[in-house]
Structures are given as C-alpha cells and as structure tokens.
Amino acid sequence: MKEERCVRAALLCLGVLCCSQGLAGERARPSLHGHRDRGKEGQVLHRSKRGWVWNQFFVIEEYTGPDPVLVGRLHSDIDSGDGNIKYILSGEGAGIIFVIDDKSGNIHATKTLDREERAQYTLTAQAVDRNTNRPLEPPSEFIVKVQDINDNPPEFLHENYHANVPERSNVGTSVIQVTASDADDPTYGNSAKLVYSILEGQPYFSVEAQTGIIRTALPNMDREAKEEYHVVIQAKDMGGHMGGLSGTTKVTITLTDVNDNPPKFPQSVYQMSVSEAAVPGEEVGRVKAKDPDIGENGLVAYSIIDGDGMDMFEITTDYETQEGVVKLKKTLDYETKKSYSLKVEAANVHIDPKFISNGPFKDTVTVKIAVEDADEPPVFLKPSYIFEVQENAASGTVVGKVHAKDPDAANSAIRYSIDRHTDLERYFVINAEDGNIKTIKTLDREEMAWHNISVFAVEVHKQHQEAKVPVAIKVVDVNDNAPKFAAAYEAFVCENARSNQQFITISADDKDDSANGPRFIFSLPPEIIHNPNFTLRDNRDNTASVLVRREGFSRQKQDLYLLPIVISDGGVPPLSSTNTLSIRVCGCDGSGSLLSCNAEAYVLNAGLSTGALIAILACIVILLVIVVLFVTLKRQKKEPLIVFEEEDVRENIITYDDEGGGEEDTEAFDIATLQNPDGINGFIPRKDIKPEYQYLPRPGLRPAPNSVDVDDFINTRIQEADNDPTAPPYDSIQIYGYEGRGSVAGSLSSLESATTDSDLDYDYLQNWGPRFKKLADLYGSKDTFDDDS
C-alpha cells in the first residue's frame, strides 16, 4: 500500500508539472487584442488574435489531497490586471466539478475524479467585461483529461472455468484460454498491461504469460488414475512487476476417456452348472470382463470361439451390465454327456487406432459347464403307436405292445396303465409289466372303426414321474354283415302294364368295408326263378331292375305281390340275404300315370266317399273329447277325500266372553294335549272310508263287570282311542298338574297323602250322596271291611 501511495503522489506531481508547462507555453503565444500593425502604405490593419489557444489540460484521478487540485489557469492578453475582465467557465462539469476564479482565471477540480467513470471533460472558457458582461473575445473550447493511475486490478471474464482434454494427450496440448481485463488506461503506462501465471496445477498444466492459454505440461496423463484437476490462474498488471494489481480465477479441467485399456477377465476359469431338464433359452450363468474405460470405450462384446459346447450353448451381451450371458441352446442329456467346456472371448466394440499398440483389446476365459442329473419321467420309444385288430376277435386277443424306459441312470422299473377316460367302455387292458395291450370285449368295426386310447408309464418307486403316449387301434373289417336294400322300397305296377316293362330299380347297402361289400349280385331265389309275374335283371353296377314278365293285372283278384330278392356281397367268404319287395297293383291312365292303388274303390262306387267317412270319424272323436272333459270337471268339483290341515276344526278360534281363572288357570292348561297324535305323525283320517277293522282291547285288559279297578278301565279306554284311526281327535282326557288355590273342597291330590292305607280316612264319602256311593263302598272305613270279612 505504501508503494502504491508513493507512485500515485509521483504521478500527481508529474501531471501538475505537465499542465503548468503546457499552460505556460500556450500563454506565451502572442495576443492580438489591443495591438495595431501598420501596413506598407501606412494603413492601420486591425487583426484580432486569440488570447489563449490550448488543446487540453490534465488532472490526475483519485487525488485525495486536502486542497482542490489546480487544473490550469486562463489568462487573456487584454487582461491588464485591473480587474475589469471576468473569466467565465461553462461546459461539462462546470461549476460542479470544475470551478474558475473569475479574476485570476485559475481552474480547480473540487471533486475526486475517476478515469474509469469518465476519461475527459469538454469545457468552454470566455473573457467578458466585468461591468457590462460584454464578451471581449469569442469563447474557446478545451478538454480536461483525467490522468490514469493504476487503481483497478485485473478481472477475469468468469469466476470459474471448465475445460476438457483427452487423457494421454501430448505435452503442450491446448486446453482452454482464460482472459482477464483491466479497467485502467491501456495507452498510458503499464497499468493495463497484464501477465498470466499459474498458481496451482503444476506440474500437470502451464499457462502462456501473454495469451492466457492453458496447456498440458505432463505426457500420458491417465484418466483412470486421476480424472479431474483444479488449476488457479493469476493475471497481474504493470507487466507483472512489483506493485502491480492482480486477480485470479479457477479452472476445473477434466480428462476425457479414450480407449487405452483392453478388457480383462478377473479369473481364468468360470464354473457353471445346468440341469438336464432345462429348456432351450434358459440362462446358465454370466461372465464379465472388466474395462476401466467408460462410455463407448468400455463397451465389450462376448462370443464363444472354441469348445465342445459350441453347439449346445450360446452367449449374448447384456449392455446394461456389460456381462456375457451364457444360455442353453439345445436340450441336454445327463446320461449322454455330463460336462462341457467353452472358450469365451471379450473384445472392445470401439478401438482407437492411436492406442492400438496397447492391445490386443480383447481377452479370453474358459467356462466349464457341468450337467446335473434331473429326475426325468419315463420316455416311450415312439411318440405314438398304431395297432390293428380284427373285429369279432375273441376276448384276450393281443393288440400290440408299447415300451418305455427310465432315462435316468437309475433305470427304474416301469408300470403301464390305460387312461380310462379314453376307454370308457373298457374294451382293452394292458399288462402293467410288459406293456402288452389285449382286448377284453368283442370289437365291432361297424360300431367303431378306430379306438384312440392313451397309455401311462410311471416309475415304480416314483409315482409322480409319468409319461403318456397316444395309441390308435384300427378295427380290421370282417365280412360279418350281409347286404340289404338301400331303402324301404315300395313298388307300383299298373294293371295295364306291358310285358318286360321295367317299373323299379333297386340298390343295396352293406355295413362292411368296401373290401367286403360291393360288388353286389342280385338274383331271385331258385324256387321262384321262373316267377310268372316278375323277373329281375342285375345291372352289374350294384343296382338291379325289376321287370314285368306278363301283361295285365287285376286289383280285384290280387292287389299286392311279394317278390323275394337275394343280394350277395363281394366279401370272402361272401354273405347274402333275402329281401322282400312289396309290389302293389294300381290303376293307371293311358299314359301310365297312377290313378288309384286302393282295391275297395270298385266296391264303394255307390256308397260314401272317403272324405265323407273321414268327416264322420272326426265328429265322433270331437264328441268323445267333450264327454271326457265334462266328466273330468265334475270329478274336480266333488269334495276332496282327504282332510287337509286348513280344514281341521281344531284350529278354529273360539271367542268367550268370560275371563276364566287368570294366570292360575292358564298355567295348568297344556294346549298340546289337543293335538291328534296321528295328525302330528302325518296320518290324516279319511272321512269316506269305514274302517275295516278296529283295534280290540287286549285280552285281560277289559275289567269284569263287578271290577273296581278304575285305573285299568281308564287305561283301556285311552289305548282304544289311540289305536282307533276313525276316532274324533277332539275327544281327549285332560290332565292338570295344578289345581289352583282357594278351593272349598280342598286338595284332591294324593301327592300329600299318607303313604299307607291305614292313615287314610274316607268316611266323609258317605255324606256326599248317592252319586258317590260306589266310591264310599270302595274306600269305606277299615273297620267296616274287617267286620264284613
């Protein structure tokens, strides 16, 4: 700071000195005001001359002295010093920044000036008469320049810079150019002369002192070792000399990647395993080669270049994880081959020719794959089986044999069975040990020509391991069906038919296969081969024609003829059948068109027509239907024979006006006793049927006329009522378990009676009148009974 103050003071003095010299020089110039020159001819010439002529004044910026700075002095030649001339200053900053002494013409700067804010000011000076303000000279314009001092440090355009440079770049490779600026005057001194230097970042980078270009300073800088560098650059004015001001900036330099590293596998051998049950396309394992490069420089592609498993496996590249994915290509068999070996190569996708000498940019690794044994189901020797068996073959006939084996090393025993969902009728059976299929029913080709069944094979000790194979069984045809008419033929022949006239063509049908069916042979039985009425002609195309042998037929004599025809097939041995053709005689017109085939037409020529007979029959049927409906309706109106629950009189509600005994009475009554036991059990008595028998009391239960056993009497009556289906349900005996309270007669219950007859006294019964005489006799006093005995 002391050095800067000294420099500023020296510059200030220098500026003041320069201004004084300039002003003195300007004032030394001659003035024309108040002078007269004579011409050659004695003429007096008046020439006006400027009192002062100057270009500019100088004042040093940032002056901080106690007194205003003297910028300069204005003086006119016509100023005699008597004070009559007044100096006036106008223009930029006049009266504010710059003031003038109107008598002496001295100009002072009243404020500190900053060249970086304003470098110069344009002012106008004029000398006027103090008393009249009349201009004594034309106004004169001059410039006051602000003299620069080094008061502004250099400033960079950005506070932080970011730059990239490829790794492995040569020494001197340009990275970035940084630029600083200085607000001081570049045309005056060295205040704005900048010099760049590096403060941080050696020895990796350097900077050019004059241009600010940063360059690499070390060869083969490796991004994988260090990717980012922080560099500090300084700009200093005054040409870098002592006393100059300085500024700094930070530059972050990142090394960009180049493909200078080949991929490398971290191990030499990879061990993998896969089950033989794996399906093609299933992932077996993964390998990965490490490449420290990034981006496209680190992309790696994998391939299988050798090994005995090249046909069984394949490898693809997962570009997200940069891994090689080994996948199964074909189905494996543990029993055939238990292990495979692959040689896998990893290579860079993009190679930089500049670094080809660092190669090769690839690496190889050995992948060993072990095949694991899987518990496989049995395997049939064929994907499907087709067998043949003749129809009508005896039960137990061998159809064919299926065979399966266990592909595992254990080679377990196999058991066979038929899927009964495919053999619902159970035509076949299979031997569980050897797979022989036999019939258990007689087969009929005409009923089912093919039987499609499925056979299971399971391991004996592992029931969950099973295989299934389709078996198609063809039923071979046997000539077991004789040919028959192809349709239910009905022939018609005219009464006026001519001899050898063909009136019908017949064909045959055979359920057997074509080998045992056509060609058909038609003929008449030997006993009627010379039939006088009709003859048969075999057309040898599986059809035959029936012809009339004679002329003239009469419906009155015979209206129906039955012609037996023998049909033989072409099977071995051939079968034949006799089929009867019905031939009806009909009346025809002259052209041979049928008119009537009914023989009664001649008999009913004077009677009713067929239409009239049909109408009469229809009327009779309608009358019968009406009668049946009438009878049915009458029956429905009769009283039903069954008594339904809705009509049960016991469910009627009876209203009484008296209140009864209240709670004491209702507690004693049990409504359930009114239910008919037979009705509860679903038995409903019939009203229209007199019982065929009645339940008689059991022998010994009916009391003798003179018996006094009242309990037996009552029980007998109850049993009779219970067993009588015609007894009215509302005749019942009520049993009350509660008598109520306050009875005048007292309790009649025997619950509180003495336990012995001797404690009881029934003498009061004698006083109850004749209606209780029977009871009085039965339960009289003991003494009475003793006297009687």
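Modeller: Ground rules come before the labels. This is a predicted model, in which local features need pLDDT of at least 70, side-chain atom pairs count only at pLDDT 80 or more, and totals for chains, interfaces and linings use all residues. Residues are numbered from 1 along each chain as its sequence is written, and side-chain values use heavy atoms, with hydrogens and water left out.

Colleague: Why is the contact between arginine 415 and glutamate 433 called a salt bridge?

Modeller: A salt bridge is a side-chain nitrogen of Lys or Arg within 4 Å of a carboxyl oxygen of Asp or Glu. For arginine 415 and glutamate 433, the closest N and O atoms are 3.2 Å apart, so the pair meets the rule. The pair links distant parts of the chain, 18 residues apart. Arginine 415 sits in strand E30 (residues 414–418). Glutamate 433 is in the loop between strand E31 (428–430) and strand E32 (436–439). By this rule the model has 21 salt bridges.

Colleague: What makes glutamate 433 exposed?

Modeller: Buried means under 20% relative accessible area, exposed means over 50%, and partly exposed lies in between (1.4 Å probe, protein chains only). Glutamate 433 has 54%, so exposed is the label. Arginine 415 has 37% and therefore counts as partly exposed.

Colleague: Which parts does the pair of arginine 519 and aspartate 538 tie together?

Modeller: The closest N and O atoms of arginine 519 and aspartate 538 are 4.0 Å apart, and the pair forms a salt bridge. Arginine 519 lies in the loop between E37 and strand E38 (521–523), and aspartate 538 in strand E39, so the pair ties together parts 19 residues apart in sequence. Arginine 519 is partly exposed at 35%. Aspartate 538 is partly exposed at 22%.

Colleague: Is arginine 223 buried or exposed, and how do you know?

Modeller: Arginine 223 is at 8% relative accessibility, so the label is buried. Its salt-bridge partner glutamate 224, with closest N and O atoms 2.8 Å apart, is partly exposed at 25%. Salt bridges that share partners join Arg223, Glu224, Glu227 and Asp257 into one network.

Colleague: How do you know that E35 and E37 pair?

Modeller: Strands are DSSP runs (E, at least two residues), numbered from the N terminus. Two strands pair if DSSP finds at least two bridges between them. E35 and strand E37 (residues 502–509) have 2 bridges and run antiparallel, so they qualify.

Colleague: What makes E35 and E39 edge strands?

Modeller: The open sheet has 4 strands in the order E35-E37-E40-E39, with antiparallel pairing. Strand E35 (484–485) and strand E39 (534–538) each have a single partner strand, so one side of each lacks a neighbour in the sheet.

Colleague: How many bridges join E5 to E8?

Modeller: Strand E5 (residues 85–91) and strand E8 (residues 120–129) share 7 bridges and run antiparallel. Lysine 86 stands opposite valine 128. E8 also pairs with strand E9 (residues 140–147), antiparallel over 6 bridges.

Colleague: Which residues make the nonpolar surface patch?

Modeller: Leu613, Ile616, Leu617, Ile620 and Leu624 make the patch, about 470 Å². Patch residues have over 30% relative accessible area and no salt bridge; like charges are joined within 9 Å, nonpolar side chains (Val, Leu, Ile, Met, Phe, Trp, Tyr) within 5 Å. Isoleucine 620 has 44%, so the area cut-off is passed. Isoleucine 620 is found in helix H2 (residues 610–637); helices are DSSP runs of H or I, at least four residues.

Notes: Accessible areas come from the Shrake-Rupley method with a 1.4 Å probe; for residues, only the protein chains shown count as cover.
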